[in-house]
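Here is a short briefing on selected local features of one protein model. It covers a charged side chain, a helix and its surroundings, and a pair of packed helices.

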Amino acid sequence: MSTSLSPSASASGRPPIADAGPQSLCAREPRVPAERLVAEMVPPPRFDAVRFDTYEPDPAQPSQSEAVTVLADFAAGLGGAHASGSGKKRWFSRTPKSTAPAGPRGVYLDGGYGVGKTHLLASLWHATPAEPALKAFGTFVELTNLVGALGFQQTVQTLGGHRLLCIDEFELDDPGDTVLVSSLLSRLVEQGVALAATSNTLPGKLGEGRFAATDFLREIQGLSAHFRPLRIDGQDYRHRGLPEAPAPFSDEQVAKAAYATEGASLDDFPGLLEHLARVHPSRYGALTDGITAVCLTDVGAVPDQSTALRLVVLADRLYDREVPVLAAGVPFDKLFSDEMLNGGYRKKYFRAISRLTALARDAKPLVSQ
């Protein structure tokens, strides 16, 4: 359900500020055709302009500068004709099998959240000397959604003519999906497709809040020889030298800002969480189409892990699309319980807190001082 707050219902008695009221995410039920899933396998808007030379390595972390050098060389090595000999994208045609090049044909970026892995992965996509139709970039969830929409064999044929496949946030916490994608990648490697991936933490792998390359290589069965692990150390760049996240605003301030901001949405948080349960996570990106800011009232602690994991996906899509999030209620670092933050999905939750905090900073100017 959407929030019942509106300027006309506030204590100020002011009329609506904008000609039209804000939209409601809860009123949206997007349908995403398979063709869109394929077409959208490119770096998201937040990373559309990133390049290796826009990455700012932490001087205290030499592995970050080293990663830029290694990945730039890797991209340069992907030039020339694809092993299949095809220069055109073949969505629905059979791609001839070819012999994969000797040596590692993939890189795995190993590091904690906020060290810039996605920035580097997107930079690799941009730097690879091939037309966009021969490169694919997506999260693990988006890749499994593509398999679900097209079927396994059709996905192999669709991606088999590509020069490069980049997979962000490889989900190792779902054994079934891990085996499925591992099998898909094996088929793609046979056809000469280069791979690059980042990953999240396995359940129970608490450690440093990051997950080891050996775990990743063990889980993607039979693909270890195709990946060169590349560790990236460092702290979360989103909070490096930045002030604390702004405190939540009042419900009235959030509602007023929603009505004053063209293209904003306005929902109460509990209602939005209920709505997310009715929308497949593959559609969360489409759920935010055309939204310039997300305004939320009555934000509180997430009640259970299933709901929390759906919120993580929404946070990722909002962050990718650079959609500010203005909230009233508890601070974003109080969304997840201590049990969740100490459990197997802790890295996902810390990433969501980090990204929502960054979006909250972006939204602060929406509230008039």
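A polar contact is a pair of N or O atoms within 3.5 Å; within protein, one atom must be able to donate a hydrogen and the other to accept it. The model is predicted.

**Arginine 28**
- Arginine 28 sits in the segment before helix H1 (34–39).
- A polar atom of its side chain lies 2.9 Å from the backbone oxygen of leucine 287.
- Arginine 28 is buried, yet has no salt bridge.
- Aspartate 289 carries the nearest side chain of opposite charge, 6.1 Å away. A salt bridge needs a side-chain nitrogen of Lys or Arg within 4 Å of a carboxyl oxygen of Asp or Glu.
- Leaving aside residues up to four places away in sequence, arginine 28 touches Gln23, His275, Val279, Ala286, Leu287, Thr288, Asp289 and Ile291.

**Helix H3**
- Helix H3 spans residues 117–127 and is mostly covered, with ten of its eleven residues buried.
- The buried residues are Lys117, Thr118, His119, Leu120, Leu121, Ala122, Ser123, Leu124, Trp125 and His126.
- Helices H2 (62–76) and H13 (346–363) are among the elements that cover them.
- The cover also includes strands E1 (106–110), E2 (135–139), E3 (164–170) and E4 (194–199).

**Helices H4 and H6**
- The axes of H4 (residues 140–150) and H6 (residues 175–190) come within 11 Å and cross at roughly 75°.
- The two helices are therefore roughly perpendicular to each other.
- H4 makes the contact through Phe140, Leu143, Thr144 and Val147. H6 contributes Asp177, Thr178, Leu180, Val181 and Leu184.

Notes:
Residues numbered from 1 in each chain as written. Predicted model: local features only at pLDDT ≥ 70, side-chain atom pairs only at ≥ 80, totals over all residues. Heavy atoms only, no water. Helix = DSSP H or I, 4+ residues; strand = E, 2+ residues; numbered from the N terminus. Buried < 20%, exposed > 50% of the residue type's maximum accessible area, 1.4 Å probe, protein only. Lys, Arg positive; Asp, Glu negative; His and termini not counted. Contact = heavy atoms within 4.5 Å. Axes fitted to C-alpha atoms, helices over the stretch in contact; angles between N-to-C directions. Parallel < 35°, antiparallel > 145°, perpendicular 65-115°, else oblique.
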